[in-house]
Amino acid sequence: MPLFTIPLITVDYVKTSFSRLPLNKAAGLDGINGFFLKIASRAFSSSLTALFNRSISSSKFPGAWKVVKVSPLFEEGSLFDRTNFRCSGNCF
């Protein structure tokens with residue numbers, strides 16, 4: 001019995017997710033910016049949904065989907081004190 005399950009997603013969920021992408025953010029690790037993803041989402045939402053659901057169903061996820069870039073953000077104080085930076089997750 002699996003410890004947890006990931007529910008399958010719908011095309012509408014993928015389209016909605018793309019429509020919510022901020023246009024003022026930098027491109028991700030793939031180099032594709034939000035503007036392009038947003039305007040092209042209609043064309044590839046069905047294909048991406050099928051790809052995501054197949055990955056979920058088979059429990060196999062590409063290595064590229066497991067990569068993250070974490071950038072701590074400076075708040076105030078000394079640049080040499082790591083507690084003066086914030087980030088989501090565990091940065092250090």
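Okay, ground rules. Because the model is predicted, local features need pLDDT of at least 70 and side-chain atom pairs count only at pLDDT 80 or more, while totals for chains, interfaces and linings use all residues. Residues are numbered from 1 along each chain as its sequence is written, and side-chain values use heavy atoms, with hydrogens and water left out.

Let's start with the largest pocket. Its volume is about 1,000 Å³. A pocket here is an open set of points on a 1 Å grid over the protein atoms alone, where a 1.4 Å probe fits, with protein on both sides within 12 Å along at least five of seven lines; lining residues have an atom within 4 Å of a point. The volume is the space filled by probe spheres set on the points, which are joined across faces, edges and corners.

So which residues lie nearest the centre of the largest pocket? They are G28, L29, D30, I32 and L37, out of 23 lining residues. Helix 2, residues 34-58, gives the largest share of that lining, with six residues. Helices (H or I, at least four residues) and strands (E, at least two) are DSSP runs, numbered from the N terminus. By class, the lining has 17 nonpolar residues, three polar and three charged. Nonpolar covers Ala, Val, Leu, Ile, Met, Phe, Trp, Tyr, Cys and Pro; charged is Asp, Glu, Lys and Arg; the others, Gly among them, are polar.

Now the surface. L3, F4, I6, L51, F61 and W65 make up a nonpolar patch, and together they have about 700 Å² of accessible area. That area comes from the Shrake-Rupley method with a 1.4 Å probe, and for residues only the protein chains shown count as cover. Patch residues have over 30% relative accessible area and no salt bridge; nonpolar side chains (Val, Leu, Ile, Met, Phe, Trp, Tyr) are joined within 5 Å, like charges within 9 Å. L3 sits in the segment before helix 1 (11-19), and L3 is exposed, at 88% relative accessible area. Exposed means over 50%, buried under 20%, and partly exposed in between (1.4 Å probe, protein chains only).

E75 is in the loop between strand 1 (73-74) and strand 2 (85-86), and R86 is in strand 2, 11 residues away. E75 is partly exposed at 47%, and R86 is partly exposed at 47% too.

Last stop, S59. Most residues other than glycine have a negative phi. S59 has a positive one, near 60°. This residue is in the loop between helix 2 and strand 1, and S59 is exposed at 56%.

Methods. Salt bridge = Lys/Arg side-chain N within 4 Å of Asp/Glu carboxyl O.
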